[in-house]
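Take the structure below and walk through it from the inside out.

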Amino acid sequence: MPFPYSSVVVAGTNATASANNDLRKDALTRWFKFEVVGALSVGNNQGGSFIAPFTGTVINHRLKTTSGTATVRTQKDGVDIDSSMAASSTASTDSSPSSAAITAGQKLTMDITAIGSGVDLVVEMEVLCAP
């Protein structure tokens with residue numbers, strides 16, 4: 001079975017590198033991917049967890065199931081980032097988190113709060129690194 005969750009770094013459109021080829025941190029977006037494979041069930045801390053390696057702002061969530069529906073929330077140290085996002089077999093985006101700021105060292109998690117025969121869930125949280 002492949003590793004079910006991951007974190008990816010993406011350079012933004014205004015990214016520039018120094019003479020030493022270090023990418024400027026203020027131009028980076030980082031994705032945290034939470035994934036639950038198989039039949040979904042209601043529960044906390046599903047699809048892995050992450051310790052935020054930097055301070056930043058959650059700017060977007062992308063959600064999709066293979067079939068059925070699910071309602072999910074993302075949290076930082078137990079406090080809601082976004083508390084009621086709907087996922088279905090049609091990919092959706094939620095770009096209005098209720099508490100977008102994250103701080104280095106906070107634990108990032110995803111909970112499933114309701115399901116409608118949901119199967120296979122992917123939630124991607126996009127975070128803009130603080131300058």
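The largest nonpolar core holds 24 residues, and Leu108 and Leu121 touch the most other members. A nonpolar core here is a set of buried Ala, Val, Leu, Ile, Met, Phe, Trp, Tyr and Cys residues joined through side-chain atoms within 4.5 Å. Buried means under 20% relative accessible area, exposed means over 50%, and partly exposed lies in between (1.4 Å probe, protein chains only). Strand E2 (28-39), E4, E5 and E8 are the elements that give two or more residues to this core. E8 supplies the largest share, eight residues. In soluble globular proteins, nonpolar side chains tend to be buried together.

This is a predicted model: local features need pLDDT of at least 70, side-chain atom pairs count only at pLDDT 80 or more, and totals for chains, interfaces and linings use all residues. Residues are numbered from 1 along each chain as its sequence is written, and side-chain values use heavy atoms, with hydrogens and water left out.

What does Leu108 touch, not counting residues up to four places away in sequence? Its contacts (heavy atoms within 4.5 Å) include Phe32, Phe34, Phe50, Ile81, Ile102 and Met125. Ser49, Ala52, Gln75 and Lys76 are also touched by Leu108.

Now the whole chain. Buried residues make up 35% of its 131 residues. The chain exposes about 6700 Å², and carbon and sulfur atoms supply 52% of that area. Accessible areas come from the Shrake-Rupley method with a 1.4 Å probe; for residues, only the protein chains shown count as cover. Among contacts in the chain with a separation of 6 or more, 70% are between residues 24 or more positions apart.

Next, the elements. The chain has zero helices and eight strands. Read from the N terminus on, the order is β-β-β-β-β-β-β-β. Helices (H or I, at least four residues) and strands (E, at least two) are DSSP runs, numbered from the N terminus.

Follow E4 through its pairings. Two strands pair if DSSP finds at least two bridges between them. E4 and strand E5 (residues 79-87) pair in the antiparallel sense over six bridges. Gln75 has Asp80 in E5 as its bridge partner. The hairpin of E4 and E5 has two residues between the strands, and Asp77 there takes a positive phi near 50°. E4 also pairs antiparallel with strand E6 (residues 92-94), over three bridges. Here His61 stands opposite Asp94. Two bridges join E4 to strand E7 (residues 101-102), again antiparallel. Gly56 faces Ile102 in that pairing, standing opposite it in E7.

Finally, the charged pairs. How many salt bridges are there? The count comes to two, where a salt bridge is a side-chain nitrogen of Lys or Arg within 4 Å of a carboxyl oxygen of Asp or Glu. One joins the side chains of Arg73 and Asp111, at 2.7 Å from N to O. This pair links distant parts of the chain: Arg73 lies in strand E4 (residues 56-76) and Asp111 in strand E8 (residues 107-129), 38 residues apart. Arg73 is partly exposed, at 22% relative accessible area, whereas Asp111 is buried, at 2%. Lys33 forms a salt bridge with Glu35, and the closest N and O atoms are 3.5 Å apart. Lys33 is partly exposed at 25%, and Glu35 is partly exposed at 22%.
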